[in-house]
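Welcome, and thank you for opening the viewer. Let us walk through this model one selection at a time.

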Amino acid sequence: QVQLVESGGGSVQAGGSLRLSCAIYGYTYSRNCMGWFRQAPGKEREGVAVINIDRGSIYTADSVKGRFTISQDKAENTLYLQMNSLKPEDTAMYYCAATSIYSSSWCYRPPNEYADWGQGTQVTVSS
């Protein structure tokens with residue numbers, strides 16, 4: 001079983017930065033795709049950035065490209081999301097997720113294809 005624990009959310013003003021962390025516990029050897037998703041009130045959950053753990057390939061959504069960076073620390077078993085130049089529209093609950101996809105190296109999949117989820121961490125950006 002895989003357990004994901006997010007931290008690092010908070011409230012910032014527009015233009016500010018936050019770094020989210022996702023501590024990964026349990027049997028993770030079969031999980032080759034990990035990523036960050038977010039869900040704003042009244043909206044569907046959407047992928048923000050994902051990484052193929054084996055290949056290191058990264059996909060970042062257009063809405064955050066150039067501002068958000070996903071990274072991993074394998075030694076610490078931690079996934080990060082560095083968020084810079086935050087905008088009010090980035091306000092959402094942010095979730096860390098993991099899954100196993102071996103039919104393709106493409107990890108940018110709909111949320112329902114991700115098997116493991118953290119509890120979420122709230123990010124609020126004020127104008």
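Is Phe 37 buried or exposed? Select Phe 37 to find out: with 1% relative accessibility, Phe 37 counts as buried. Here buried stands for under 20% relative accessible area, exposed for over 50%, and partly exposed for what lies in between, using a 1.4 Å probe and protein chains only.

Before moving on, please keep in mind that this is a predicted model, in which local features need pLDDT of at least 70 and side-chain atom pairs count only at pLDDT 80 or more, while totals for chains, interfaces and linings use all residues. Residues are numbered from 1 along each chain as its sequence is written, and side-chain values use heavy atoms, with hydrogens and water left out.

**Stop one: aromatic rings**

A search of the whole structure finds seven aromatic pairs. Rings of Phe, Tyr and Trp (its six-membered ring) pair if their centres lie within 6.5 Å; planes under 30 degrees apart count as stacked, over 60 as edge-to-face and the rest as tilted. Phe 37 belongs to strand 4 and Tyr 114 to the loop between strand 9 and strand 10 (116-117), so the pair ties together parts that are 77 residues apart in sequence. Strands, as used on this tour, are DSSP runs (E, at least two residues), numbered from the N terminus. Tyr 114 also counts as buried, at 4% relative accessibility.

Next, select Tyr 59 and Tyr 108. Their ring centres are 4.0 Å apart with planes at 45 degrees, so this pair is tilted. Tyr 59 sits in strand 6 (residues 58-60) and Tyr 108 in the loop between strand 9 and strand 10, 49 residues apart. Tyr 59 is partly exposed, with a relative accessible area of 22%, and Tyr 108 is partly exposed at 26%.

To finish this stop, show Phe 37, Tyr 95, Tyr 114 and Trp 117 together: ring pairs link them into a cluster.

**Stop two: a proline beside the cluster members**

Select Pro 111, found in the loop between strand 9 and strand 10. Which residues does Pro 111 touch, not counting residues up to four places away in sequence? They are Phe 37, Arg 45 and Trp 117, where touching means heavy atoms within 4.5 Å. The C-alpha atoms of Pro 111 and Arg 45 are separated by 7.0 Å, although the two are 66 residues apart along the chain. Pro 111 is partly exposed, with a relative accessible area of 24%.

**Stop three: the cores**

In soluble globular proteins, nonpolar side chains tend to be buried together. A nonpolar core is a set of buried Ala, Val, Leu, Ile, Met, Phe, Trp, Tyr and Cys residues joined through side-chain atoms within 4.5 Å. Select Met 34, Trp 36, Leu 79, Leu 81, Met 83 and Tyr 94, which touch the most other members among the 28 residues of the largest nonpolar core. Elements giving two or more residues to this core include strand 1, strand 4 (33-39), strand 5 (46-52) and strand 9 (92-99). A second, separate core has seven residues, including Cys 33, Phe 37, Val 50 and Ala 97.

Now centre on Leu 81. Its contacts, leaving aside residues up to four places away in sequence, include Leu 20, Trp 36, Val 48, Phe 68 and Tyr 94.

Then go to Leu 4, in strand 1 (residues 2-7). Leu 4 counts as buried at 3% relative accessibility.

**Stop four: loop residues with positive phi**

Select Asn 77, in the loop between strand 7 and strand 8. Asn 77 is not a glycine, yet has a positive phi of about 55 degrees, and is partly exposed at 33% relative accessible area.

Ser 85, in the loop between strand 8 and strand 9, also has a positive phi in a residue other than glycine, near 50 degrees. Ser 85 is partly exposed, with a relative accessible area of 41%.

Note on methods: Helix = DSSP H or I, 4+ residues; strand = E, 2+ residues; numbered from the N terminus.
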